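Visitor: I would like to learn how to read this model. Please take me through it feature by feature.

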Amino acid sequence: MINPPIKLGFLASNNGASMRAIVLAIEAGALAAEARVVVSNKPEAPALAFARAHGVPTEVIATAKDPVAADARLAATLQGAGVQLVVLSGYLRKLGPRTLTAYAGRVLNIHPGPLPRFGGQGMYGRRVHEAVAAAGVLMTAVTVHVVDEEYDHGPTVLALDVPLAPGDDAAAIEAKVTAAEAGVFVDVVRRIAEGTLALP
């Protein structure tokens, strides 16, 4: 039996690299999914322009002034779009209880380092790579995990090890992780859609 395309919603604060990779995979026929909506907390986010250029509906929901109202609006927007799985693509806001309840176990994030060691509040982007460099480890990771009410806390869905060389600085680590990251989320969504990867 062929599963129907999984309906995806994306949250992005800036470029939305994972969202872009997934949308392009859908367009190429490599992923049985539908991009239903891209939501950002920033009206100028490049992710929104990309989404519009590719025919994906967009929504801007500012979160700073009234987080409770924003949470309610976000949950309603995702549900109204028929979203089944939410993908965080560089979304730098904490999700509220209404959205987390509506999509319990169905919100995924990608983290550019091993968890839990290099995660937590404030640990994103270059900060993660700087911490990895400072630790002097020879292996980092790209980690896809379920989002819950704590930063970088939910169960891991998939972790891809990224080997490092002695002396790699944050820029070198970032380049290696970014190269590895590109296909990871596409692979995870594909496997969920196919039923070969179960969410924790």
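**Reading the fold**

Guide: Start with Ser-18, which counts as buried because its relative accessibility is 10%. Buried means under 20% relative accessible area, exposed over 50%, partly exposed in between (1.4 Å probe, protein chains only). Ser-18 is found in helix 1, residues 17-27.

Visitor: What should I know about the model and its numbering?

Guide: This is a predicted model; local features need pLDDT of at least 70, side-chain atom pairs count only at pLDDT 80 or more, and totals for chains, interfaces and linings use all residues. Residues are numbered from 1 along each chain as its sequence is written, and side-chain values use heavy atoms, with hydrogens and water left out.

Visitor: Which residues does Ser-18 touch, not counting those up to four places away in sequence?

Guide: A contact means heavy atoms within 4.5 Å. Ser-18 touches Ser-89, Ile-110 and Phe-185 on that count.

Visitor: How many helices and strands are there in the protein chain?

Guide: Helices (H or I, at least four residues) and strands (E, at least two) are DSSP runs, numbered from the N terminus. The protein chain has seven helices and seven strands. Their order from the N terminus is β-α-β-α-β-α-β-α-β-α-β-β-α-α.

Visitor: Why is the chain said to be as compact as a globular protein of that length?

Guide: The radius of gyration is taken over C-alpha atoms; the globule rule is 2.2 Å times the number of residues to the power 0.38. The protein chain has a radius of gyration of 16 Å, close to the 16 Å the rule gives for 200 residues, so it is as compact as a globular protein of that length. Buried residues make up 44% of the 200 residues.

Visitor: Where does the largest nonpolar core have the most contacts?

Guide: A nonpolar core is a set of buried Ala, Val, Leu, Ile, Met, Phe, Trp, Tyr and Cys residues joined through side-chain atoms within 4.5 Å. The largest has 41 residues, and Ile-22, Leu-108 and Val-188 have the most contacts inside it. Helix 7 (residues 184-194) gives the most to this core, with seven residues. A second, separate core of 17 residues includes Leu-74, Ala-81, Tyr-91 and Val-107.

Visitor: Is Asn-109 buried or exposed?

Guide: Asn-109 is buried, because its relative accessible area is 12%. It is found in strand 5, residues 107-111. Leaving aside neighbours within four places in sequence, Asn-109 is in contact with residues including Thr-143, His-145, Asp-152 and Phe-185.

Visitor: What follows strand 5?

Guide: Pro-116 lies in the loop between strand 5 and helix 5. A cis peptide bond joins Leu-115 and Pro-116, with omega about 5 degrees.

Visitor: Which residues are buried in helix 5?

Guide: Val-128, His-129 and Val-132 are buried there. They cover an arc of only 95 degrees around the axis, so they are on the same side of helix 5. The arc is that of the directions from the helix axis to the C-beta atoms. These buried residues pack against strand 5, strand 6 and helix 6. Gly-136 follows helix 5, and its phi is positive, near 70 degrees.

Visitor: Which residues of helix 6 are buried?

Guide: Ala-170, Ile-173, Val-177 and Glu-181 are buried in helix 6. They cover an arc of only 65 degrees around the axis, which puts them on the same side of helix 6. Strand 7 (156-163) and helix 7 are among the elements that the buried residues of helix 6 pack against.
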